[in-house]
Every structure is written in structure tokens, then in C-alpha cells.
Amino acid sequence: MTTISDNLQQVHHRIERACALAQRPVTEVTLLAVSKTFNREAVRAALAAGQRAFGENYVQEGLDKIAALADRRGELEWHLIGPLQSNKTRVVAEAFDWVQSVDRLKIAERLSAQRPAHLPPLNVCLQVNISGEASKSGVAPAEASALAHAVAALPRLRLRGLMAIPEPEGELDAQRAAHRALRALYDALRAEGLALDTLSAGMSADLEAAVMEGSTMVRVGTAIFGLRPRASI
Ligand SMILES: *Cc1c(COP(=O)(O)O)cnc(C)c1O
């Protein structure tokens with residue numbers, strides 16, 4: 001039987017191999033454990049195995065887990081990676097360390113205004129619809145620059161970079177093409193003077209492709225915690 005600790009070790013090996021292929025130092029890539037649909041005990045097991053950063057998709061589920069693990073709050077870093085509606089921005093600004101799914105200025109403005117003064121600025125990434133899918137959330141690549149400059153100017157946010165969920169592709173080359181497009185956008189924004197340090201890309205099925213194309217944060221759920229119930233994403 002495999003455990004969360006074994007799975008984490010496997011994922012770290014995959015990241016190490018991809019970094020070696022890409023001739024990148026392994027310290028450039030952070031592992032975000034996507035704990036959505038898994039309970040607090042699963043998070044505690046990962047924490048015991050040394051994992052510190054966790055991603056949640058659903059606001060209420062994330063808030064419940066943050067509260068359930070309040071005793072370990074100082075060691076944990078909580079990322080919201082799912083869609084955020086404007087009526088939920090206050091609780092998110094109060095509880096999370098990162099929001100990776102910002103794709104509208106209105107949401108960013110609310111998060112900045114509502115981030116409590118005693119906390120450091122909220123880390124944010126812009127979610128980019130890199131595959132151009134009509135159903136996906138995320139800012140269109142052509143609009144990312146304008147949004148990034150506007151978000152970077154907000155006082156209580158720290159714009160860290162870009163996040164994307166490319167359309168699933170089976171072949172490594174096709175996976176790499178989508179990640180390469182995201183990386184090109186990231187490089188272009190940095191060339192415009194934005195101090196970005198985070199390219200959040202790569203999941204259980206495509207983390208190698210993402211790391212080879214420059215990802216600095218892979219978001220991995222299934223390969224750590226196992227299969228989710230079919231109804232959830
Ligand atoms: C669920 C999810 C992941 C993790 O996906 P896996 O395929 O289980 O690794 C990563 N990013 C986002 C935004 C997700 O919703």
C-alpha cells in the first residue's frame with residue numbers, strides 16, 4: 001500500500017528528474033500539494049512528511065481546513081487555486097496566503113482593499129487561459145499585460161506571477177508547447193519590468209513538461225493524495 005509520504009517522495013523524484021533534464025537547479029521548483037476533496041488528516045499526513053504548501057479549489061472547503069489546522073498555521077502556506085466570486089473575497093483575503101486564480105481587476109481590487117493590515121500583502125498570480133478554451137476561466141493572453149500592471153499597482157497585493165491549466169494533452173511535445181507559450185508570456189511581462197518570480201504550471205499528468213519549460217511551481221493533487229471522487233475536478 002502506498003502512503004502519502006511515499007507518493008510525495010515519488011513526486012519529488014519526478015521533479016528532480018525533470019530538473020536534471022532541463023539542467024535547472026531543483027531549488028527553483030516548489031511543490032504545491034493540491035488537497036481539494038481530501039480531509040484534514042490527509043493534509044496532516046503530508047505535513048508530517050515535510051510538505052508545507054497546500055492548494056484548495058473551493059473557498060469554503062479551504063476555510064474549513066485552514067481552521068481545522070489552525071494549530072499548525074505558522075508552518076502552512078495556503079493557496080486558493082479555484083474560481084473566486086466577489087462575495088467571497090473578504091474571507092479569502094483574511095485567511096489565505098496566496099490566490100492564484102485572479103483573472104479580473106475587480107476581484108484583485110477587492111482582495112487588496114480587504115487584506116487585513118496585520119497580515120503581509122496577499123500573494124497573487126494571474127490565471128491565464130493559455131489554451132484559449134471558451135469554457136475555462138483566466139485572462140486572455142492578449143489582456144494579461146494590462147491586467148498585470150493594474151494588479152501590481154494595488155497596495156495590499158504582491159503580484160508573483162502567472163498560473164495556467166493548459167488543455168490536457170497526452171503527448172509530451174504537445175504538453176510542452178502549451179507550457180512554452182505560458183513561459184513566453186511570463187518572460188514578456190518580466191521584460192516589461194514586472195518583478196515576477198512564479199510560473200505556476202504543471203499538474204500530476206504534465207509536471208515534467210512544465211518543469212522542462214520553466215515552471216517554478218507545480219500543483220499536484222492525484223499523484224500525492226490519490227484519485228478524487230469522479231464528480232469533483
Ligand atoms: C485539481 C487541480 C490541480 C491538481 O490536479 P491533479 O491532476 O490532481 O494533479 C492543479 N491545479 C488546479 C487549478 C486544480 O484545480
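**Entry 1. Strand β1**

I started at alanine 33, which stands opposite phenylalanine 54 in β2. I am working from a predicted model, in which local features need pLDDT of at least 70, side-chain atom pairs count only at pLDDT 80 or more, and totals for chains, interfaces and linings use all residues. Residues are numbered from 1 along each chain as its sequence is written, and side-chain values use heavy atoms, with hydrogens and water left out.

The helices (H or I, at least four residues) and strands (E, at least two) are DSSP runs, numbered from the N terminus. Two strands count as paired if DSSP finds at least two bridges between them.

Which strands does β1 pair with? Strand β1 and strand β2 (residues 53-56) run parallel and are joined by two bridges. Strand β8 (residues 217-220) also runs parallel to β1, with four bridges between them. On that side I found threonine 30 opposite methionine 217.

I then checked how covered β1 (residues 30-34) is, and four of its five residues are buried. Buried means under 20% relative accessible area, exposed means over 50%, and partly exposed lies in between (1.4 Å probe, protein chains only).

**Entry 2. The ligand**

The list reads Val34, Lys36, Asn57, Ile81, Ile165, Met203, Ser204, Arg219, Val220, Gly221, Thr222 and Arg228. This shell divides into five nonpolar, four polar and three charged residues.

The side chain of serine 204 has an N or O atom 2.5 Å from an oxygen atom of the ligand. In the side chain of arginine 219, an N or O atom is 2.9 Å from a nitrogen atom of the ligand. Glycine 221 contributes a backbone N or O atom, 2.8 Å from a ligand oxygen atom. The ligand taken alone exposes 390 Å², and the protein buries 91% of that. These areas come from the Shrake-Rupley method with a 1.4 Å probe; for residues, only the protein chains shown count as cover.

Glutamine 23 lies in the loop between α1 (4-22) and β1. Threonine 37 is in the loop between β1 and α2 (40-48). Are they buried or exposed? Glutamine 23 is exposed, at 75% relative accessible area, while threonine 37 counts as partly exposed, at 29%.

**Entry 3. Helix α3 and glycine 62**

In helix α3 (residues 59-68) I recorded Val59, Gly62, Leu63, Lys65, Ile66 and Ala68 as buried. An α-helix has 3.6 residues a turn, so residues three or four places apart point the same way. The buried residues of α3 pack against α2, β2, β3 (77-80) and α4 (89-95).

Glycine 62 has a relative accessibility of 0% and therefore counts as buried. For residue contacts I used heavy atoms within 4.5 Å. Leaving aside neighbours within four places in sequence, glycine 62 is in contact with Glu56 and Phe96. The C-alpha atoms of glycine 62 and phenylalanine 96 are 8.6 Å apart, with the residues 34 apart along the chain.

**Entry 4. Three further buried residues**

Sequence neighbours up to four places away are left out of the contacts of serine 112, leucine 185 and asparagine 7.

Serine 112 is in helix α5 (residues 105-114) and is buried at 6% relative accessible area. Its contacts are Leu154, Pro155, Arg156 and Leu157.

Leucine 185, in helix α7 (residues 172-191), counts as buried at 15% relative accessibility. Leucine 185 touches Val128, Pro141, Ala144 and Leu162. I also noted that 9.4 Å separates the C-alpha atoms of leucine 185 and isoleucine 130, which are 55 residues apart along the chain.

Asparagine 7 sits in helix α1 and is buried, with a relative accessible area of 15%. What does asparagine 7 contact? I found Thr2, Ala223 and Ile224.

Methods. Near = heavy atom within 4 Å. Polar contact = N/O pair within 3.5 Å; in protein donor to acceptor, adjacent residues only side chain to side chain. Nonpolar A, V, L, I, M, F, W, Y, C, P; charged D, E, K, R; others polar.
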